[in-house]
Amino acid sequence: MLAERIAEIQEALGEAGLDGWFFACFQHNDPVGLDLLGLTEPGKLITRRCYFLLSRDAEPAKLVHALEPAMLDHLPGGKAVYLTWQEHREQLQRLVAGHRRLAAQYSPGNQLPTISRLDAGTAELLREAGVELVSAADLAQRFAATWSAEQLAGHRRAAAHLHAMVHAAFGRVSAALARGDEIDEYTVQRGILDAFEQAGLWSESDPIVGVNAHSADPHYQPGPGRSSPIRRGDFLLIDLWAKERAAQSVYADITWCGVCAPAPSDRQAEIFRHVAAARDAALQLVRDRYPRQPLQGFEVDDAAREVIRRAGYGELFCHRTGHSIGTSDHGQGANIDNLETHDTRRLLPMTCFSIEPGIYLPGDFGVRSEINVVLTDGEDHTAGAAAKGGEDSPRGAVEVTGGPPQRELLRLL
């Protein structure tokens, strides 16, 4: 939580030439701010606007509504209270007085939507008060997306569980087909959720289990009223993500594919080969550059996308190469993206992201291969939590967690 890192944040503000970091919270408007300010507990009601200003050279300051005066009492700093709309405007101006350049959850041109949370009206009030707004994207990544040693250990455990579970799920399909039993997408999905429960894992949403054309829909999810049978000759994709139930635990997230046949078709094998090559090219760039040279999210996306473009399938790779992973499956750090956004944020030590290129043939099948990559900080974070089956040694700077990447399509018969 931010209160424990104020001195460190003030130092970062000085390095960036900023006078402070401004937070505006109302309902669930800003996941970054709510997390850093410790306002994410279930059932927490933020029905009135409240503000927190972490100044570079002064003690923090708070502005809260008279109906919720204790909203920020767990944070340090002086407090002002407003009731009327006139008092709100007056007190907000007083809060930021003397601060010329303020970071906020703002992204020029909404280039990075995960950080673009400050509403236009509040931005207008700040500018009227003489404030120059600067994006807090780099600050948010540094203080909201980096992991502790405990979080890394929990991620490694979750990743090892997911690798075992995805193989068990494909094994269940294989056994059902061999016996001639009926099985469908929803049954496999429910089986994975049962495995989550048994392993003490939790997920904010259900796994993707897609057969044939459904595998070509990157965010398809089966349900009680929409689930296709899985039969001999089918193509099957499973994408699952989960984390431990402990507070501040972080996610793992992987995708594997297989064929309900003794061997894939030539077309299926070709598409998988291109996807795996794109994944490996992205990972190789990270290994080549980190930690010796700065590396930005968009550059890793370019490395994967170029492989698929050269293979002639560029238009069928319809999403970014990867996303930040944190306490939410899609975290607050740099994404591996130069398609949907131009993410220029640097990849930092003790952050994690997915690499998951895909090629999707509408109406036929889609292939995605997803791994998780952790950039360690050179410290030994393995005590009591050694990665099981990881491809990389934990003492290295770049670690693929959980198990080796998929090298060929699984054969279920």
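A residue counts as buried here if its relative accessible area is under 20%. By that cut-off, 53% of the 413 residues of the chain are buried. Please keep in mind that this is a predicted model.

Now the overall build. The chain has 9 helices and 17 strands. Along the principal axes, its C-alpha atoms fill a box of roughly 70 × 45 × 45 Å. The radius of gyration is 23 Å, which agrees with the value near 22 Å that a compact globule of 413 residues would have. As for contacts between residues at least 6 apart in sequence, 67% of them join residues at least 24 apart. The accessible surface is about 17500 Å², and carbon and sulfur atoms account for 49% of that.

On to the rings. With ring centres required to lie within 6.5 Å, there are 5 aromatic pairs. Take Phe-23 and Phe-52: their centres are 6.4 Å apart and their planes meet at 55 degrees, so this pair is classed as tilted. Phe-23 belongs to strand 1, residues 20-25, and Phe-52 to strand 2, residues 50-55, so the pair ties together parts 29 residues apart in sequence. Are these two residues, Phe-23 and Phe-52, buried or exposed? Both are buried. They are also members of a cluster, in which ring pairs link Trp-21, Phe-23, Phe-52 and Phe-143.

The charged end of Arg-305 sits over the ring of Phe-317, at 3.9 Å from the ring centre.

That is what I have.

Definitions and conventions. Residues are numbered from 1 along each chain as its sequence is written. This is a predicted model: local features need pLDDT of at least 70, side-chain atom pairs count only at pLDDT 80 or more; totals for chains, interfaces and linings use all residues. Side-chain values use heavy atoms; hydrogens and water are left out. Rings of Phe, Tyr and Trp (its six-membered ring) pair if their centres lie within 6.5 Å; planes under 30 degrees apart count as stacked, over 60 as edge-to-face and the rest as tilted. Helices (H or I, at least four residues) and strands (E, at least two) are DSSP runs, numbered from the N terminus. Buried means under 20% relative accessible area, exposed over 50%, partly exposed in between (1.4 Å probe, protein chains only). A charge sits over a ring if NZ of Lys or CZ of Arg is within 6 Å of the ring centre and within 35 degrees of the ring normal. The radius of gyration is taken over C-alpha atoms; the globule rule is 2.2 Å times the number of residues to the power 0.38. Contact means heavy atoms within 4.5 Å. Accessible areas come from the Shrake-Rupley method with a 1.4 Å probe; for residues, only the protein chains shown count as cover.
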